[in-house]
Amino acid sequence: MKIVRLLPLALLAVSLFGTTAMAQDAGTPGALSIEMNDLAPSEKGCKLTFVAGNGLPQSLSKVSFEFVLFDAKGLVERMAVLDFRDLPAGKTKVRQFDLPGTKCEAVKSLLINDAPVCAGDGVAKDACMKALKTGSKSPVELKG
């Protein structure tokens, strides 16, 4: 009798898990989402981990973003252009970047200042910044 009552709950859990996995894989429809997922000290300096989701109808053959790193006082710690390479339409990818000479504890927030490269068939040069949605799962804020 308990098995019969638990079956609908199990089916619901499988259904929700499947929907969440599909939503994460596709990104937000019509948006290019960049999430600050983690930062951790590395041998060279600080390793930044991002989750990028391409919800645009077109694949991006190459995209890069100019990041501005701010310290606790709101001062620019450094600027860097990070190459996110290709981002296929409807897919989510994880990208990591090692910033030599940067101490993770000095980074308090990030700003995506520009997208110097935003390329793909039928993709306007300004599409990456216009469709940009940012977020953070780390203590470091990411703004677009």
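Predicted model: local features only at pLDDT ≥ 70, side-chain atom pairs only at ≥ 80, totals over all residues.

Reply: Residues are numbered from 1 along each chain as its sequence is written, and side-chain values use heavy atoms, with hydrogens and water left out.

The chain contains two helices and eight strands, these being DSSP runs numbered from the N terminus (H or I and at least four residues for helices, E and at least two for strands). Along the sequence they follow one another as α-β-β-β-β-β-β-α-β-β. Of the 144 residues, 35% count as buried, where buried means under 20% relative accessible area, exposed over 50%, and partly exposed in between, with a 1.4 Å probe and protein chains only. Among contacts (heavy atoms within 4.5 Å) between residues at least 6 apart in sequence, 68% join residues at least 24 apart.

The sheet itself is open and consists of four strands in the order β5-β2-β1-β7, with mixed pairing; two strands are taken to pair if DSSP finds at least two bridges between them. Its edges are β5 and β7 (132–136), each of which pairs on one side only. Neighbouring strands are turned by 25° against each other on average, direction ignored, the axes being lines fitted to C-alpha atoms and the angles running from 0 to 180 degrees between N-to-C directions. Strands β1 (residues 32–41) and β2 run antiparallel and are joined by nine bridges. Within this pairing, Glu35 has Val51 of β2 as its bridge partner.

Glu35 also takes part in a salt bridge (a side-chain nitrogen of Lys or Arg within 4 Å of a carboxyl oxygen of Asp or Glu). Its partner is Lys137, and the closest N and O atoms are 3.9 Å apart. This pair links distant parts of the chain, since Lys137 sits in the loop between β7 and β8 (141–143) and Glu35 in strand β1, 102 residues apart. Lys137 is exposed, at a relative accessible area of 62%.

Cys46 is joined by a disulfide (cysteine sulfur atoms within 2.5 Å) to Cys104, with an S to S distance of 2.0 Å. Because Cys46 lies in β2 (residues 45–54) and Cys104 in the loop between β5 (92–100) and β6 (109–119), the bond ties together parts that are 58 residues apart in sequence. The link is right-handed, with 110° about the S-S bond. Cys46 is buried, at a relative accessible area of 0%, and Cys104 is buried as well, at 9%.

The structure holds two disulfides, and the other one, between Cys118 and Cys128, has its sulfur atoms 2.1 Å apart. Its torsion about the S-S bond is about 80°, so this disulfide is right-handed. Cys118 belongs to strand β6 and Cys128 to helix α2 (residues 127–130), 10 residues apart. Cys118 counts as buried at 8% relative accessibility, and Cys128 does so at 0%. With the bonded cysteines numbered in sequence order, the pairing reads 1-2, 3-4.
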